[in-house]
Amino acid sequence: MAGSLDGSYNHGSQSDDSCYFERLHKEPIYDAFVCPLTKQVMCDPVTLENGQTFEREAIEKWFKECRESGRKPVCPLTLKELKSTDLNPSIALRNTIEEWTARNETAQLERACQSLNISSAEGDILLALKYVQHICQRSQSNKHVVRNVEIVSMVVDMLKSSSRKVRCTALETLRILVEEDADNKAILAEGDTVRTIVKFLSHELSKEREEAVSLLYELSKSEALSEKIGSINGAILILVGMSSSKSENILTVEKAEKTLENLEKYENNVRQMAENGRLQPLSALLLKGSQETKLSMASFLGDLVLNNDMKVLVAQTAGSSLINIMKSGNMQSREAALKALNSISSFEGSAKVLLEAGILPPLVKDLFSFGANQLPTRLKEVSATILANVVSSGYDFDSIFVGSDHQTLVSEEIVHNLLHLISNTGPAIACKLLQVLVGLTSYPSTVLNVVAAIKSSGAIISLVLFLEASQKDLRVASIKLLQNLSPHMSQELADALRGTASQLGTLIKVISENIGITEEQAAAAGLLAELPERDLGLTHQLLDEGAFQSIISKVVKIRQGEARGIRFVTPFLEGLVRVLLRVTFVLPDEPDAIVLCREYNLAALFIELLQSNGLDNIQMVSAMALENLSQESKNLTNLPELRLPGFCASIFPCFSKPPVVLGLCPVHRGTCSLKESFCLLKGKAVEELVALLDHTNEKVVEAVLAALSTLLDDGVDIAQGVNVLYEAEGIKPILDVLLEKRTENLRSRAVWMVERILRTDEIAFEVSGDPNVSAALVDAFQHADYRTRQIAERALKHVDKIPNFSGIFPNMG
């Protein structure tokens with residue numbers, strides 16, 4: 001006799017659930033119901049010629065094995081040979097078995113319904129759920145029977161159980177119930193059941209999570225449920241995460257992926273997927289959707305916030321489609337495509353993909369086209385923004401033709417058109433087009449073409465006028481463009497700025513703002529730094545504007561760590577120091593410059609800036625400034641006033657000995673100070689400069705040598721200058737520069753200094769024993785330029801490597 005639902009069933013302990021449920025009958029199992037081969041109740045009984053009855057599938061398999069082994073067919077029970085293998089259906093027996101099965105299933109379903117209660121014992125619930133699975137898997141028609149007794153809703157209630165086993169088995173049961181059954185799916189679509197199932201997805205790496213995603217996959221095959229799943233907050237986000245997980249069970253990942261594929265049928269779901277990083281469905285709709293769908297997806301993409309990786313992916317998968325819409329669609333479609341392209345073009349990687357897809361020619365055409373089909377101004381601004389984005393990618397624009405005559409973006413005609421449009425359009429578009437020129441002038445391969453076009457168009461005056469723009473973005477773009485142009489058009493810019501004080505004053509005002517260090521300030525300082533440093537008129541104007549006082553204040557604050565804005569601090573400081581350098585070039589001709597240097601003790605500031613380790617340009621510029629200041633020292637030193645010999649001295653010569661004046665500068669032979677006469681010796685700058693002679697940057701070493709050379713220059717006491725270098729341990733580093741021969745300029749500087757140093761006999765005697773120095777001087781004597789060869793010859797005479805014929809021939813200077 002069959003057992004009953006008494007809770008004795010151990011969930012998961014049976015290897016074959018069907019065997020177990022065969023024992024759960026309310027009526028006895030008659031021997032006639034059981035197949036002798038399978039030992040199970042028959043579904044399709046058939047009878048042989050000898051009257052024995054078997055399950056059709058089992059006896060057919062038996063006969064097949066007989067044939068394959070070469071044996072004649074025999075009855076598996078009697079083992080007697082059969083004359084015929086015909087199978088006669090036992091219709092009466094089958095009907096009896098079906099009626100018996102139906103009565104038992106009805107009884108068991110009643111028991112299952114009683115057990116499917118949240119208050120039932122865990123074992124009873126599990127057994128009931130397993131029984132429901134069993135009968136539904138045995139026959140698709142049983143799902144109709146189960147639905148009629150409302151078991152589907154009872155199983156749903158089991159999802160609220162406190163038992164993990166019950167919840168997991170309930171999810172599994174629901175999956176079996178809805179497989180290929182639209183009516184059962186419709187029942188699950190009611191209420192919050194789908195939301196409850198989605199919640200199980202958040203159970204990390206659990207059996208419930210696996211069962212939940214398998215159930216959702218089945219539900220997603222229904223269009224109505226597919227839309228409902230997508231409407232549940234977080235469902236698509238979790239599924240996208242599962243589909244790309246590296247730690248999930250591979251079958252779970254596969255089910256999540258297939259579920260998402262089913263959900264892609266609805267545009268709202270596709271939008272959610274795009275928001276969560278799954279962009280392929282959106283790209284597919286842009287490529288193959290209807291015109292209405294393409295418009296919808298493009299509009300959505302234009303508003304979507306994408307990370308850089310997503311921008312590249314969209315550009316790769318949908319860039320060509322968006323460009324085609326931009327070229328050939330109606331105005332509404334073109335607008336949507338332009339906004340989408342604007343969104344994805346703002347990253348260098350995606351911009352390059354769009355350039356390769358052919359975005360540049362239609363962009364330029366849209367900007368320069370006028371007429372019936374031209375873009376409205378608001379869309380031309382978007383086109384200009386996209387163009388600015390792609391130009392900043394650093395692509396080789398000489399390889400892309402944008403005009404009918406094979407012009408490129410840097411061809412003279414195209415640049416002229418850009419300049420014309422800048423001058424004849426609104427501030428918004430002008431700003432973006434200025435940014436285009438900023439991008440084109442940021443690369444060595446394109447800047448010279450743009451410079452040539454600007455020169456030929458005479459547009460520099462117009463560009464300078466934008467410095468006075470009230471819109472900050474426009475002014476910033478203008479400053480950045482002029483900064484990029486300044487190394488190649490410094491004199492033209494200086495002339496334009498000198499024509500009126502307003503633009504120059506704007507630059508000074510920008511630099512002086514106390515709002516932290518901005519990109520605009522760094523660009524303004526860089527622009528002023530590139531203007532001709534020896535332009536006396538421009539420097540005089542800067543003095544009148546009070547520019548240098550503001551710059552000095554900024555430099556001091558940066559050195560003291562008071563300035564805010566880390567990103568642009570280095571280019572800003574470099575620009576400020578370079579602008580400050582120009583005041584030292586006009587010292588002989590501009591008394592106000594000397595007053596400024598004294599008042600603000602600029603020599604001390606530049607000595608301090610020598611210590612800007614890691615900032616080569618600042619160290620180089622500071623050394624150049626100290627050279628200029630030190631050259632003026634001999635003109636600014638107060639020489640002592642010596643009294644004329646008195647009456648006694650004329651009678652008694654012993655009284656004519658010159659008086660000794662204490663505290664004089666040995667190099668300049670007068671009263672010196674760092675602040676008043678810019679004396680390097682008094683400012684203890686010699687040691688700081690000597691320390692930089694082993695710098696890895698040749699330009700820094702060259703500037704340092706030039707500054708130290710002022711201690712050995714005509715008009716000062718050269719012997720004392722040599723002594724100062726000796727005491728600062730600078731002789732050997734200078735000789736090392738000569739020996740290294742890193743550049744021709746360095747060699748020329750070093751040869752000049754070494755010749756002056758060798759005029760001191762003691763040093764000349766010591767150096768004469770060093771064959772390396774002699775060899776370096778000989779090499780300079782043989783291979784350097786004419787002036788350096790002459791100086792090297794004199795140096796070789798000091799160490800007796802060349803005979804000195806000065807006593808035989810007149811000194812020819």
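User: Happy to start with the helices. What makes the crossing of helix 31 and helix 34 left-handed or right-handed?

Analyst: Glad you asked! In this predicted model, the crossing of helix 31 and helix 34 is left-handed. That name applies because the near helix is turned anticlockwise from the far one by less than a right angle. The angle here is roughly 40°, with the axes coming within 12 Å.

User: Which residues meet where helix 31 and helix 34 come together?

Analyst: From helix 31 (residues 547–559) and helix 34 (residues 602–609), the meeting residues are I552, V555, V556 and R559 on one side and L602, L605, E608 and L609 on the other.

User: Why is S343 called buried?

Analyst: S343 has a relative accessible area of 14%, and buried means under 20%, so S343 is buried. This serine sits in helix 18 (residues 331–344). Leaving aside neighbours within four places in sequence, S343 touches L301, G302, L304, L306 and K311.

User: Why is the pair F33 and W100 called edge-to-face?

Analyst: The planes of the two rings stand at 65°, and an angle over 60 degrees counts as edge-to-face. The structure holds 3 aromatic pairs. F33 and W100 are both buried, and together with Y30 they form one aromatic cluster.

User: How do you know that the pair links distant parts of the chain?

Analyst: F33 and W100 are 67 residues apart. F33 is in the loop between helix 1 (17–22) and strand 1 (45–47), while W100 belongs to helix 3 (residues 91–115).

User: What makes R71 a charge over the face of W62?

Analyst: R71 lies 5.9 Å from the ring centre of W62, and the cut-off is 6 Å, together with a position within 35 degrees of the ring normal. R271 lies over the face of F300, also at 5.9 Å from the ring centre.

User: Where is the largest nonpolar core, and which residues have the most contacts inside it?

Analyst: That core has 196 residues, and I359, L708 and L725 have the most contacts inside it. Helix 23 (residues 427–440) gives the most, with 9 residues. As for L708, the residues it touches beyond four places in sequence are V686, L689, V690, L693, L725 and M753. Apart from this core lies another, of 48 residues, among them I151, V178, A212 and L216. In soluble globular proteins, nonpolar side chains tend to be buried together.

Terms used
Residues numbered from 1 in each chain as written. Predicted model: local features only at pLDDT ≥ 70, side-chain atom pairs only at ≥ 80, totals over all residues. Heavy atoms only, no water. Core = buried A, V, L, I, M, F, W, Y, C linked by side-chain atoms within 4.5 Å. Buried < 20%, exposed > 50% of the residue type's maximum accessible area, 1.4 Å probe, protein only. Helix = DSSP H or I, 4+ residues; strand = E, 2+ residues; numbered from the N terminus. Contact = heavy atoms within 4.5 Å. Phe/Tyr/Trp six-rings, centres within 6.5 Å; stacked < 30°, edge-to-face > 60°. Axes fitted to C-alpha atoms, helices over the stretch in contact; angles between N-to-C directions.
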